[in-house]
Amino acid sequence: MGITFRKETFRDDFTFRNSPEHIRRFPFPFHEDSYMYAVNIEPHVVGPKGSVLENLIDVDEHYVAEMQDRALVLAEDPLRCQSLPHMTLAGWDLLELLMEQQALGYPEHFTLTRDGDRWRWINRPLGIDDTFTFGDTSTLPYGPMEYITRQSQGDFCILDQRDGNLWMDAGMVTTQADWSLDFDIGMNFFEWHAPVPLAHEKGIFIRALKFLTNIQQGKPARRLNWTMTINPRLDTSPENYHKWGPDRTTVTPENVGDKVHLRVELQSFWRLPRSNGVVFPIRCYLIKMDELVTQPKWARRLHRVIRDLPEELATYKGLTRYRPTLVEWLSKLDDGSATSPGFGPD
Amino acid sequence: MSTGTTKLDVVVSDVVPVNELVTRFHFRRRDGELLPTFSGGAHVVVEMRDGERTRLNPYSLMGSPLNTSEYTISVRRDDVGRGGSLFMHRSVKPGLEMVISYPVNLFSLDLRARKHLMLAGGIGITPFMAQTSQLAGSGGNFELHYTCRTASLGTYADVLQQRYDRRVRLYHDDLDERIDLDRLLSSQPLGTHLYVCGPAGMINWVRDRAAALGWPSETVHFEHFAAPQPGAPFDVTLAVTGKTIRVGSQQSLLEAIEAAGVDPPYLCRGGVCGQCETNVVSHDGKFIHNDHWLSEEDHRSGCKIMPCVSRFEGKSLVLER
């Protein structure tokens with residue numbers, strides 16, 4: 001049985017919703033009642049059935065709508081997809097990875113057939129059936145990275161590894177939490193993380209880089225990150241700040257449940273075999289407060305996390321303006337009882 | 001035994017003598033599937049079960065990265081080493097089931113390079129076999145300068161010349177042919193990257209001359225896996241696990257730690273990758289550092305050791321393991 005893809009929007013009338021099954025599989029990022037940075041990296045291995053980790057590259061009910069939204073973003077701003085000239089080989093690596101994983105996890109929707117370097121790719125949800133020569137860019141309508149990331153949920157950063165550092169030399173970035181590929185392209189790991197508060201002092205980036213440069217083929221890793229977004233908008237980019245920034249002034253006690261969304265990124269890290277680069281898929285999951293609080297444990301815990309969040313983090317995540325309204329709204333759903341350990345709903 | 005990589009169950013599909021010192025080994029997956037794709041310059045760690053003893057040695061993959069039906073490595077026989085190469089030459093026959101690691105690349109091509117200038121010495125030719133295949137397949141611009149003792153010991157020189165013709169230049173020690181290094185390094189186009197793999201003396205010479213001639217360090221790439229050297233046995237206390245171990249004369253410190261059931265992480269086992277870096281709690285004696293990972297300052301400090309290749313002589317050594 002395949003996925004039923006929703007018809008929905010991430011802009012204008014914002015018809016994005018999660019079905020009840022998708023609420024329960026939401027990757028809630030808090031395993032305890034408080035939050036602080038940690039190097040929370042773990043092996044990216046297959047998780048329980050019915051979770052977002054059931055497959056290493058997750059495809060869900062929002063797939064078709066997200067790909068349509070990506071196409072709209074790219075039509076307005078082609079610089080959301082960039083690949084420096086030396087990164088084409090890494091693009092082929094990524095094409096192989098995403099085709100293999102999507103075909104493996106969702107055979108009813110995707111099929112990959114290989115005959116040497118003649119490949120046939122069938123993507124039924126998007127109505128694509130292409131035959132091409134692996135390694136020959138002229139046989140695809142776009143470069144290999146752009147071709148496959150127009151058909152894969154989440155943003156993708158491809159990092160070149162050299163001189164003991166990682167360099168943001170290619171990417172497809174249209175569902176980002178307020179950062180810009182066009183600004184970061186060509187930067188190294190320390191340069192693009194410079195704006196993050198507190199973590200530098202803790203030496204987190206030095207340890208994280210050491211870990212990432214040692215990621216081995218066949219052993220991907222992952223971590224969760226989170227922020228909040230007003231309205232289910234995938235494209236919260238600096239380029240479009242004028243469109244979404246003002247949304248943050250529109251939160252009222254009456255509309256918190258509908259407007260405020262928890263935004264969770266499932267970030268994974270994979271060594272690419274031909275280019276020796278690293279790809280960093282950043283998959284965004286959105287859930288509105290009304291949906292999230294259908295799980296009482298999550299409601300109680302989120303209240304405590306947001307209430308006690310250090311000021312610097314609240315500022316960095318852009319929550320300052322509506323935090324009091326949100327905390328007040330969530331407090332009514334927190335009876336003070338204990339929450340069970342772990343991420344999942346009760 | 002722990003490692004930084006996933007293991008591959010393989011079978012030796014062919015053993016081919018190449019010349020009087022070098023033998024080539026072919027591996028295929030036991031389950032008949034394709035092997036993982038790799039990039040030119042990658043190595044695998046081969047597990048050698050030799051009676052009671054397990055040795056783990058890194059070897060560069062030398063086949064084309066485009067062919068993943070088999071992996072090939074070439075092993076130079078070292079009659080005075082710790083026995084890994086002798087084991088490969090004497091005991092590894094077609095049909096033998098072995099375990100190797102996933103490929104790891106610590107000697108990667110910089111794909112920004114406008115030109116790749118490669119310098120090989122002796123068995124240091126092996127990573128360039130894969131890198132030249134990779135570049136040739138994608139129209140890459142490279143030039144290979146290969147120094148060997150004699151024509152008959154010029155492992156794969158004939159193959160390379162046949163494949164790449166004038167892009168390969170050979171130098172034979174017995175004919176007193178020498179690379180005119182300064183001239184070579186001074187006459188390269190902008191955007192050239194330099195790669196060197198061979199004996200330590202050659203690597204140092206090339207790096208020194210490149211630095212003196214103004215090559216930015218980011219454009220100079222080298223790979224030298226130090227083989228663990230034999231030496232006098234010594235005793236070590238592992239402070240974290242509370243064990244006392246003896247490192248045999250033909251054993252590396254890392255192997256002795258592993259034999260005691262403690263598994264530090266590792267990737268290269270050749271003093272390059274930094275994974276097995278170990279803190280020294282206390283010592284009374286002298287370190288014999290053989291790695292390329294720690295800084296000279298680290299070596300002088302006596303606070304760190306790379307157990308894959310370095311040894312110790314003296315009264316006592318306590319490590320944080």
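Reader: Which residues touch the most other members in the largest nonpolar core?
Author: This is a predicted model, in which local features need pLDDT of at least 70 and side-chain atom pairs count only at pLDDT 80 or more, while totals for chains, interfaces and linings use all residues. Residues are numbered from 1 along each chain as its sequence is written, and chains are lettered from A and ligands numbered from 1 in the order in which they are written. The core has 76 residues, and B:Leu61, B:Met118, B:Ala120, B:Leu144, B:Val196 and B:Val236 touch the most other members. A nonpolar core joins buried Ala, Val, Leu, Ile, Met, Phe, Trp, Tyr and Cys residues through C-beta atoms within 7 Å; buried means 20 or more other C-beta atoms within 10 Å of the residue's own, with C-beta atoms placed from the backbone.

Reader: What other core lies apart from it?
Author: Another core, of 36 residues, includes A:Ala90 and B:Ala113.

Reader: Turning to the sheet of chain B, in what order do the five strands lie?
Author: The order in this open sheet is 10-9-8-11-12, with parallel pairing. Strands are DSSP runs of E, at least two residues, numbered from the N terminus, and a pair needs at least two bridges found by DSSP.

Reader: Why is one side of strand 10 and of strand 12 left without a neighbour?
Author: Strands 10 (168-172) and 12 (220-223) of chain B are at the edges and have a single partner strand each, so one side of each lacks a neighbour in the sheet.

Reader: Over how many bridges do strand 8 and strand 9 of chain B pair?
Author: Six bridges join strand 8 (residues 115-121) to strand 9 (residues 142-148) of chain B. B:His145 in strand 9 is the bridge partner of B:Leu119.

Note on methods:
A residue is buried if 20 or more other C-beta atoms lie within 10 Å of its own, exposed if 12 or fewer, and partly exposed in between; C-beta atoms are placed from the backbone. Helices (H or I, at least four residues) and strands (E, at least two) are DSSP runs, numbered from the N terminus.
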